[in-house]
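Look at the structure first, then read the points by topic.

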There are 2 protein chains.
Amino acid sequence: MNSHGSAVDPPQSCHRSSVDPPWIRYGSAGDPTNTSTEDLELAPLGDSDVHVKMLAAPINPADINMIQGTYALLPELPAVGGNEGVGRVLGVGRRVTSVTPGDWVLPADAGLGTWRTEAVFPEETLLRVPRDVPVLCAATLGVNPCTAYRMLADFESLRPGDSVIQNAANSGVGQAVIQIARAAGIRTINVVRDRPDLPKLVERLVSLGADHVITEEMLRKPDMKDIFKSIPKPRLALNCVGGKSATEMLRHLPRGTMVTYGGMAKQPVTVPVSAFIFKDVKLRGFWMTQWKKDQMHSKLAVSLCELVRKGQLGTPACTEVPLEDYRAALEASMKPFTSSKQILIL
Amino acid sequence: MNSHGSAVDPPQSCHRSSVDPPWIRYGSAGDPTNTSTEDLELAPLGDSDVHVKMLAAPINPADINMIQGTYALLPELPAVGGNEGVGRVLGVGRRVTSVTPGDWVLPADAGLGTWRTEAVFPEETLLRVPRDVPVLCAATLGVNPCTAYRMLADFESLRPGDSVIQNAANSGVGQAVIQIARAAGIRTINVVRDRPDLPKLVERLVSLGADHVITEEMLRKPDMKDIFKSIPKPRLALNCVGGKSATEMLRHLPRGTMVTYGGMAKQPVTVPVSAFIFKDVKLRGFWMTQWKKDQMHSKLAVSLCELVRKGQLGTPACTEVPLEDYRAALEASMKPFTSSKQILIL
């Protein structure tokens, strides 16, 4: 993460804003609401740089953990918050070939610092995406739908008619899993925490394409077997919770893989020895940040935009927040049972 | 598992013993010492059958669990005990092509019932092995060294200089892991339970080729880092224990795979979510019985005999027991801290 804030000369080939653009800065690890917005002098536009007007950037749990200093990837401080978002190219250095002014771009990797109105980024840190998808959809495409797509594709060879079980089905990734699986003819069993407005949540997930929505409590009950009269036992389990929830999901996996990508319960994953030996269950993990480091992923973004265009992948439930109200948005994003993603409009 | 006890006509092409050969029979699940030896009429030698004189058969923990009725694979009762052993071919049916009289054979699969002096087996249930290895070595080749070989070969691409960590390092599989790894130039970190005769055990495992032998307690101490000054961090962990032991081994695995093949602690495997996500640790299981069902393994037995001939894989520490003393042998095999395998001489 680089602030690009130590400009020496004004860039030659770059449209400058009339004022220095603001960014959400944090100088030490701690309470996210202790961050501040600051005006930042734009870096000069080097030959391989791209001048970007950020359009929208969500607040994800990983962003919060990075500010709190508890994430596995921590930036040098002071840093700009935010790892995801979409921007429009305003200008490019003379050696830049992958984007032209007007293009939309996403961060190619975590750690770019997206919570700012404008920035000059090195070309290789950006990824061009089609600009015929809704801006809020593009802003949230780089992490959650990518994670969902890769987890469905990379661990088991699923075919139409196969099924997948997931907990935290209401999360950004969970909703993307439902839609991407549906588009591929894969059935989903979706586990959520019980809550006062459960019927509403069930209705929403079913409208996205969920085949079954059950609570953590129902997952432990013998009636679970009724579900498997109409749907095959899952070959893939996606675990964002850990603890009991993960152990219970595993009970319904006769073989296949459980992929852990989050630990909302703050408890480890516990697996009976017999599941490994006699059921040949495989346990893996997934971290989009590592995947992006290891792979090209521009094709993935294009595939996801294709799903968006076909109406198979929608914009997640979100709340648009102007930059000046970012503190309230950070607070809202840390509340339990948050169903709506906070997206900063920049 | 088949008793082959309901003979109708005496076989034509088969050397018969002067008396019906005895076998160790159990009619219901329960205490292994409640089994009995019985004389059993030999089945007739069909065209595709092989008449075998069993030479030696070990008592393995899985045999005990099968008799107790707690194993994942249970035979029809009454059944003959024992899943491993070596026999000499006495005669063959006229359509048999894979073995001739004088050959040594192992069971191709679990469930054959090896605790008997003679039997008529279908050809496809047997596997020819070279007969220039010690009989006690051949008798114990089919399960433990095969398991060790496959676990070292099938999960991570290990190269000379790489290291492996394993618990229950004193088990039959553990000792085979030490020797097979040594022969391949792979270093081993071997975890054992503390015990009164620890120095003697350490000496024995080191003489087999162990690079480091540590207790479960030492595994949890900060000095573990000293080991990694002279040896790289392991890329493969072999877990026969579960519980704390497995969790502690995982802490020393920076990435790579932990393979669970036993659960001596009778406690599940517990894994922090972060190990999956940020370290990309993979958890798998291994069950030789399933592997044998899925794969051809005569080549594997030949490879292992090659290691035996080169002096790189020895006969495990064992106690030879005449068949009539089998009850004492069963009792001895169920005692804790058993270092010596009981082998029935038939």
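In this predicted model, Val269(A) has Val271(B) as its bridge partner in S14(B). That bridge belongs to an antiparallel pairing of S14(A) with strand S14 of chain B, residues 269–271, over three bridges.

**Chain A with chain B: extent**

- Chain A puts 25 residues in contact with 25 residues of chain B.
- The two chains bury about 2,000 Å² between them.
- Carbon and sulfur atoms supply 71% of that area.
- On the chain A side, Phe276(A), Ile277(A) and Phe278(A) lose the most area to chain B.
- Together these three residues account for 28% of what the chain A side buries.

**Chain A with chain B: polar links**

- Four residue pairs are in polar contact between the chains, counting pairs with both residues at pLDDT 80 or more.

**Chain A with chain B: elements and composition**

- Three elements of chain A give two or more residues to the side that touches chain B: strand S14 (269–271), helix H9 (273–277) and strand S15 (281–285).
- S15(A) gives the most, with five residues.
- By class, the chain A side that touches chain B has 15 nonpolar, seven polar and three charged residues.

**Domains of chain A: layout**

- Domain 1 of chain A spans 22–140 + 315–345, and domain 2 spans 144–289.
- Their C-alpha centres lie 29 Å apart.

**Domains of chain A: interface**

- Domain 1 of chain A has 13 residues in contact with ten residues of domain 2 of chain A.
- The area buried between these domains is about 860 Å².
- Of that area, 49% is on carbon and sulfur atoms.
- Between domain 1 and domain 2 of chain A, the rule again gives zero salt bridges.
- One residue pair is in polar contact between these domains, with both residues at pLDDT 80 or more.
- The side of domain 1 of chain A that touches domain 2 of chain A divides into seven nonpolar, three polar and three charged residues.

Conventions: Residues are numbered from 1 along each chain as its sequence is written. Chains are lettered from A and ligands numbered from 1 in the order in which they are written. This is a predicted model: local features need pLDDT of at least 70, side-chain atom pairs count only at pLDDT 80 or more; totals for chains, interfaces and linings use all residues. Side-chain values use heavy atoms; hydrogens and water are left out. Contact means heavy atoms within 4.5 Å. Buried area is the accessible area (1.4 Å probe) that two parts lose on being put together, summed over both. A polar contact is a pair of N or O atoms within 3.5 Å; within protein, one must be able to donate a hydrogen and the other to accept it, and residues adjacent in sequence count only if both atoms are side-chain atoms. Helices (H or I, at least four residues) and strands (E, at least two) are DSSP runs, numbered from the N terminus. Ala, Val, Leu, Ile, Met, Phe, Trp, Tyr, Cys and Pro count as nonpolar, Asp, Glu, Lys and Arg as charged, and the others, Gly among them, as polar. Two strands pair if DSSP finds at least two bridges between them. Domain bounds come from an automatic or database domain assignment. A salt bridge is a side-chain nitrogen of Lys or Arg within 4 Å of a carboxyl oxygen of Asp or Glu.
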